[in-house]
Amino acid sequence: MLHKFIENIRKHLKTYVITLVVSIVVGLTIFLLYYFLKGQGMLALLDGTGVAGVTLLGIGLLCLMARLGAFDTMSYGFKQMFSSMFAKEANQYNDMADYKEDRRIKRESASYYYIVMIAVSALFFIAFIVLEIYRSTLH
């Protein structure tokens, strides 16, 4: 199991690095927006780190749900609707079961990029806790 996980990391290293950079940029952007728009005080620091952490955690959990197939029914419906409206050839899937099986096979070889987003959100939560402890020692 661990060997398969390490092999997946090597295979998708570029995806993980891009996800890491994008997650950090998004988190820092949210943090800086809150910090400068809320007045550059201790509460703005806390709000910025907390909101950035929650946002990245939410995105990461939505990506995890998508990997687990939570949105397959909705995506199959949209695919059927648009293929019937715009495609010249017939749809490549006979029914929902074929679509889910195709998606399952694709998911087995896909990366676990949502873990990177959840890890970056954990860093923002750690920063939030450290700032909260620092704020509590000031009073």
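How many aromatic pairs does the structure hold? The model, which is a predicted one, holds three aromatic pairs, where rings of Phe, Tyr and Trp (its six-membered ring) are paired if their centres lie within 6.5 Å, and planes under 30 degrees apart count as stacked, over 60 as edge-to-face and the rest as tilted. The rings of Tyr35 and Phe36 form an edge-to-face pair, because their planes stand at 70 degrees, with the centres 5.2 Å apart. The pair of Tyr113 and Tyr114 is likewise edge-to-face, with ring centres 6.5 Å apart and planes at 70 degrees. Tyr113 is partly exposed at a relative accessible area of 31%, whereas Tyr114, at 11%, is buried; buried denotes under 20% relative accessible area, exposed over 50%, and partly exposed the range in between (1.4 Å probe, protein chains only). Ring pairs also join Phe31, Tyr35 and Phe36 into a cluster.

In this predicted model, local features need pLDDT of at least 70 and side-chain atom pairs count only at pLDDT 80 or more, while totals for chains, interfaces and linings use all residues. Residues are numbered from 1 along each chain as its sequence is written, and side-chain values use heavy atoms, with hydrogens and water left out. The protein chain has a mean pLDDT (the predictor's confidence in each residue, from 0 to 100) of 82, and 92% of its residues reach 70 or more. Confidence is lowest in helix H1 (residues 2-11), with a mean of 72, and highest in helix H3 (residues 42-67), with 90; helices (H or I, at least four residues) are DSSP runs, numbered from the N terminus.

Helix H2 (residues 13-37) comprises 25 residues, which at 1.5 Å a residue should span 36 Å, and the distance of 36 Å between its end C-alpha atoms agrees; the expected span is 1.5 Å times one less than the number of residues. Within H2, Tyr16, Thr19, Ser23, Gly27, Ile30 and Phe31 are buried. Just after H2, Gly39 adopts a positive phi of about 115 degrees.

A nonpolar patch on the surface, with about 900 Å² of accessible area together, is formed by Leu62, Met65, Phe71, Met74, Phe78, Met81, Phe82, Met85 and Phe86. H3 and helix H4 (72-86) are the elements that give two or more residues to the patch, and H4 gives the most, with six residues. Phe78, found in helix H4, counts as partly exposed at 43% relative accessibility.

Technical notes. Patch = residues over 30% accessible without salt bridge, like charges linked within 9 Å, V, L, I, M, F, W, Y side chains within 5 Å. Areas by Shrake-Rupley, 256 points an atom, 1.4 Å probe, with all protein chains shown as cover. Salt bridge = Lys/Arg side-chain N within 4 Å of Asp/Glu carboxyl O.
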